[in-house]
Number of protein chains: 2
Amino acid sequence: MNVRALVFDVFGTVVDWRGTIQREGPALPGLPAAVSVDWAAFADTWRAGYAPAMEQVRTGILPWTNLDGLHRAILDAILPEFGLESVPDCAREEWVYLWHRLDPWPDAIPGLTRLRTRYIVATLSNGHLALQVALAKRAGLPWDCLFAADLFRRYKPDPEVYRGAAAWLGLPPEQILMVAAHREDLIAAGRAGLRTAFVHRPLEFGPDRVTERPPVGEFDLIVTDFPELADCLGALPTQPSNSGIVSPASR
Amino acid sequence: MNVRALVFDVFGTVVDWRGTIQREGPALPGLPAAVSVDWAAFADTWRAGYAPAMEQVRTGILPWTNLDGLHRAILDAILPEFGLESVPDCAREEWVYLWHRLDPWPDAIPGLTRLRTRYIVATLSNGHLALQVALAKRAGLPWDCLFAADLFRRYKPDPEVYRGAAAWLGLPPEQILMVAAHREDLIAAGRAGLRTAFVHRPLEFGPDRVTERPPVGEFDLIVTDFPELADCLGALPTQPSNSGIVSPASR
């Protein structure tokens, strides 16, 4: 592979939306005291609305709507299911911003830090740019640049997203590796001419819905985590230096 | 001012195109041995073609062309003036990439590093995205995100560029501060509703064309360099820490 840039899916691949919502949910504003919420189930239900909502945008049923807008609409629809219909409007706005504060998987930053020494590393997310900036700034994700759905006004898996990122990077698609924990994203990236790396995040959807590793050969690379991806791509462990970056191996 | 994000002009404001071309010019490939070049004059002439070329795109005389394309067309036009018409085609391609390797002004990285601790810091450049990625990666410019002309398919001072960046950041224009060494860029940003900070780079065009400081009050802020901008905006000196970032004051 003659790869120059890596573009990453973000939700589920870089950040752990389910774990974060499970941890942070109980501290959300406007929660009625009397209601006990299963936050893992709540996260799953909220996330389950995501693909159908984007599909409505992709097929033109809804006009262009960013992920804050979709998350809000889904939230309004699911709150009654959890006895939370009394959560006031202003608090619902805050709940939507929970998706701007998701924690990365523990291996994400060490892996990206290594990969960045050798490759351009960028997001290629269905989240919008403001959300990507918020995630990256809060967690310290070391991106070289951010590609987000609102730059294209399209959602993955539309081919324009993958091809558009290649055009803006000034690279032929085959010099770009799409990294994701989701088969459909990688299949679409591959159809658009990009190389593909599957990162296995078995617990993205929780212990009751463990995702399987795809069969060998379905994608260019299949790895367990970002450091393994860095190993595969020859990105050496970062050396301790005056810049103060700590080698993942010495942490 | 209730500023949340700073967007920066790049050529002349963050990086020193003239100084870099003067230093790097003699090492460019394909130079005829017999020709002695005044590299400062060459840089000035190349840069002088920039505004008229963009104007042709802005007014629709030329179709959308990124800065590599414009730099190449200007280069082809000016080489004979310097006795360099024999520089071969393949070398000319390399010359254009000199604009991807410009050095930052010495205060740029220390200032940005401080500003980034408190604000979103982004480019808002007429260079294209691939060029911004190359500049940032080579020099270690610590941007949170990159806005570049090809994301808008428009050049500054078109208002769509300033307003587009605000929309993608999810911020009202008045919460964004445009930072530039050029009056016309800031005047257009101000008209689009952004706040404005002029950074005085008196030597951008060389010692024979020293630029003047604008009168007090023309822009929201007028500063000498990026650390002074950080002082004005309350971005404290970065403390030495485990992250190894060195305080500008202790350098």
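This is a predicted model: local features need pLDDT of at least 70, side-chain atom pairs count only at pLDDT 80 or more; totals for chains, interfaces and linings use all residues.
Me: What makes the phi of A:Arg153 worth a remark?

Reply: Phi of A:Arg153 is near 50°, which is a positive value in a residue other than glycine. Most residues other than glycine have a negative phi.

Me: Why is A:Arg153 called exposed?

Reply: A residue counts as exposed if 12 or fewer other C-beta atoms lie within 10 Å of its own, and A:Arg153 has 12 other C-beta atoms within 10 Å, so A:Arg153 is exposed.

Me: What is the phi of B:Arg153, and where is this residue placed?

Reply: B:Arg153 is not a glycine, yet its phi is positive, at about 50°, and its place is in the loop between α8 and α9 of chain B.

Me: Which kind of peptide bond joins A:Lys156 and A:Pro157?

Reply: The bond that joins A:Lys156 and A:Pro157 is cis, and its omega is about 10°. Most peptide bonds are trans. A:Pro157 itself lies in the loop between α8 (149–152) and α9 (159–169) of chain A.

Me: What is the omega of the peptide bond from B:Lys156 to B:Pro157?

Reply: Omega is near 10° for the bond from B:Lys156 to B:Pro157, and this peptide bond is cis; B:Pro157 has its place in the loop between α8 (149–152) and α9 (159–169) of chain B.

Technical notes. Residues are numbered from 1 along each chain as its sequence is written. Chains are lettered from A and ligands numbered from 1 in the order in which they are written. Helices (H or I, at least four residues) and strands (E, at least two) are DSSP runs, numbered from the N terminus. A residue is buried if 20 or more other C-beta atoms lie within 10 Å of its own, exposed if 12 or fewer, and partly exposed in between; C-beta atoms are placed from the backbone.
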